[in-house]
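Take a look at the sequence and the structure below.

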Amino acid sequence: MFEVLFYILNKGMKFIESALNRDGEAVFTRAARGLMSLIPTPLVFQVSGLWKPNHVLCRENVVPASEIVAVEETEIDKKQCDSGKWQKMSKLHAFTVHYIKRARNHRWRCSEITFWCIDEQLCNQWIQALKELLDSQKSRPKQLLVYINPYGGKRQGKRIYEQKVAPLFNLASISADVVITEHANHAKDNLFEVNIYKYDGIVCVGGDGMFSEVMHGLIGRIQKDSGIDQNNPKTPLAQCSIRIGIIPAGSTDCICYATVGIIDPETSALHIIVGDCQPLDVSSIHHNNTFLKYSVSLLGYGFYGDILKDSEKKRWMGPMRYDFSGFKTFLSHQYYEGTVSFQPAKGTVGSPRDKESCRTGCHICRQTKQLEEQQKNYGFEHKEVEDEWKVIKGKFLAINAVNMSCACPRSPKGLSPAAHLADGSADLILVRKCSRFNFLRYLVRHTNQDDQFDFPFVDVYRVKRFQFTSKHLEDNESDIKDVGKKRFGQFCSDHPACCCNLANSTWNCDGETLDSSAVEVRVRCQLVKLFARGIEIYKDEAAYNSSSNELLS
Ligand SMILES: CCCCCCCCCCCCC/C=C/[C@@H](O)[C@H](COP(=O)(O)O)NC(C)=O
Ligand SMILES: Nc1ncnc2c1ncn2[C@@H]1O[C@H](COP(=O)(O)OP(=O)(O)O)[C@@H](O)[C@H]1O
Ligand SMILES: [Ca+2]
């Protein structure tokens, strides 16, 4: 491995030396600006001093080979050749390196730089060497299956893919089979029919609901092919090695925001091209030994379930429907009675009240994985530990279980700022009945720096498993045992307007509604993988406003 790298490095030096020798100046220019900016000799050496193995030199900085998008032979513009300096040369040869450039707020852009040379053989050697270097990056996808929801968000999915994503995939020589969905569940059903194993990844163009659909198709298909029954809540599930990419084109796009740091189709496409990999925890939701759904971001009962249910009727409003339904749901101030029981997460180092949040290469997620592997070696992994259960009965405005922060533009720090993408646990947030004014204070804290968990009516727990049963169902169940009471129970469920608050809410499961008055939820550590790397930490946020793009390693 290192030999190859040093070979490239030496070649790099040779390229510049050779260019210097022939013309006395570095033949190294920036085509992006359309300038023939000749770099004076000392600068070249100064910059070349920064070279590291596996890095290719570009003008302002060093680009790791893993961040090269493509290398192409470049036709030299006749006009450029005829002007000034180059006139005296017989023929110029050039190649262009397309690479990732970091901009503000976690945005990535595809930038380019052209290297010039008069030695054709050397130029070809360089192109060859760089192409080999790209080919050796085995994590990069070559063939993708793409599902586009043309009706998600502002209905721009198709345009976003064609204008911003497809050209980048072409540049990176990625071939894509594209399916434009014709109805809900089209992508999910299709994933059970096609040969998914010929693809390196599945890409969905849409919002959280569309991601959820694709994820259900993929997880379901893998379990089917592995002979695993999803209905048994205790069965360990088969992990999906095929990664999922999200091109954001929905209304909230929280999964994209919380795993990449920005909602930007070009940035997401670049994360796919370089073959990033971010494992993700998935919660499985069951009721009475029947599988209901999976969730990766928010599983919310009460407030967020009601918003979603109301907003589904207003799809025509686009992303604005959530503001409208949010306001309406806030005013209705509906609370729900029931019992929550949960097993606190053990063996995870973090807590939901931590100040530190999950970032690229997160050590908390890494430690979890190590612990899991150790347990596997000892043969513990299939044993369900019957740890203590905590039981909380009450009246709740919202019950939210989040597998990740759920950061989105509406709430840049998210529902649980310290939740982790891949630590095998979820944060269970219980908002008990309180005044409208207090609930508003709680909501507003999602948008500022104040701690949203610092209220007497809000509790947060890090959990591996939890259950919820609405009072409505509990009463019905106990009525079955008590025939005398049964009539009254029937009466109440038939007349929800009667004095007892027996109404049920719905669940908001990653932006899709789920009706169930009782659920049993288990977090499956790192069940799926995304083309993402978590939110990167910049060494110096201010440096992004200039040109540096150093990362904290
Ligand atoms: C003054 C009031 C301030 C209100 C701040 C409220 C915080 C907002 C937190 C949003 C939580 C995001 C969780 C993500 C949910 C998505 O899965 C779901 C569906 O997203 P999609 O439409 O498929 O992209 N969107 C909603 C709003 O339920
Ligand atoms: N062609 C289609 N027609 C109607 N609904 C679709 C289609 N394709 C996907 N869907 C469904 O649309 C829902 C919402 O999609 P999503 O992309 O998340 O948009 P939004 O963020 O606006 O809710 C998903 O549940 C998905 O199953
Ligand atoms: Ca988690």
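## Domains

This is a predicted model.

## Where domain 2 meets domain 3

Domain 2 gives 26 residues to the contact, and domain 3 gives 26 residues. The size of an interface is often given as the accessible area lost when the parts come together. Between domain 2 and domain 3, the buried area is about 2,200 Å². Carbon and sulfur atoms give 62% of that area.

What about charged and polar links? Zero salt bridges are counted between domain 2 and domain 3. Six residue pairs are in polar contact there, with both residues at pLDDT 80 or more. On the side of domain 2 that touches domain 3, helix 7 (208–225) and helix 8 (254–260) each supply at least two residues. Helix 7 provides the largest share of that side, nine residues.

## Salt bridges

The count for the model is 22 salt bridges. One of them joins the side chains of Asp276 and Arg533, at 2.8 Å from N to O. Asp276 sits in the loop between helix 9 (265–273) and strand 11 (278–287), and Arg533 in the segment after strand 20 (518–530), so this pair ties together parts that are 257 residues apart in sequence. Are these two residues buried or exposed? Asp276 is buried, at 9% relative accessibility. Arg533 is buried too, at 17%.

Asp310 and Lys314 also meet in a salt bridge, at 2.8 Å from N to O. Asp310 is buried at 9%, and Lys314 at 12%. In another pair, Asp423 and Arg462, the closest N and O atoms are 3.9 Å apart. Asp423 lies in the loop between strand 15 and strand 16 and Arg462 lies in strand 17, so the pair links parts 39 residues apart in sequence. Both Asp423 and Arg462 are buried. Salt bridges with shared partners also join Glu67, Arg102, Asp276, Arg533 and Glu536 into one network.

## Helix 13

Which residues of helix 13 (residues 436–444) are buried? They are Phe439, Tyr442 and Leu443. These residues cover an arc of only 95° around the axis, so they lie on the same side of helix 13.

What do they pack against? Their partners are helix 10 (303–312), helix 11 (321–332), strand 15 (390–402), strand 16 (426–432) and strand 17 (458–470).

Conventions
Residues are numbered from 1 along each chain as its sequence is written. Chains are lettered from A and ligands numbered from 1 in the order in which they are written. This is a predicted model: local features need pLDDT of at least 70, side-chain atom pairs count only at pLDDT 80 or more; totals for chains, interfaces and linings use all residues. Side-chain values use heavy atoms; hydrogens and water are left out. Buried means under 20% relative accessible area, exposed over 50%, partly exposed in between (1.4 Å probe, protein chains only). Helices (H or I, at least four residues) and strands (E, at least two) are DSSP runs, numbered from the N terminus. The arc is that of the directions from the helix axis to the C-beta atoms. Contact means heavy atoms within 4.5 Å. Buried area is the accessible area (1.4 Å probe) that two parts lose on being put together, summed over both. A salt bridge is a side-chain nitrogen of Lys or Arg within 4 Å of a carboxyl oxygen of Asp or Glu. A polar contact is a pair of N or O atoms within 3.5 Å; within protein, one must be able to donate a hydrogen and the other to accept it, and residues adjacent in sequence count only if both atoms are side-chain atoms.
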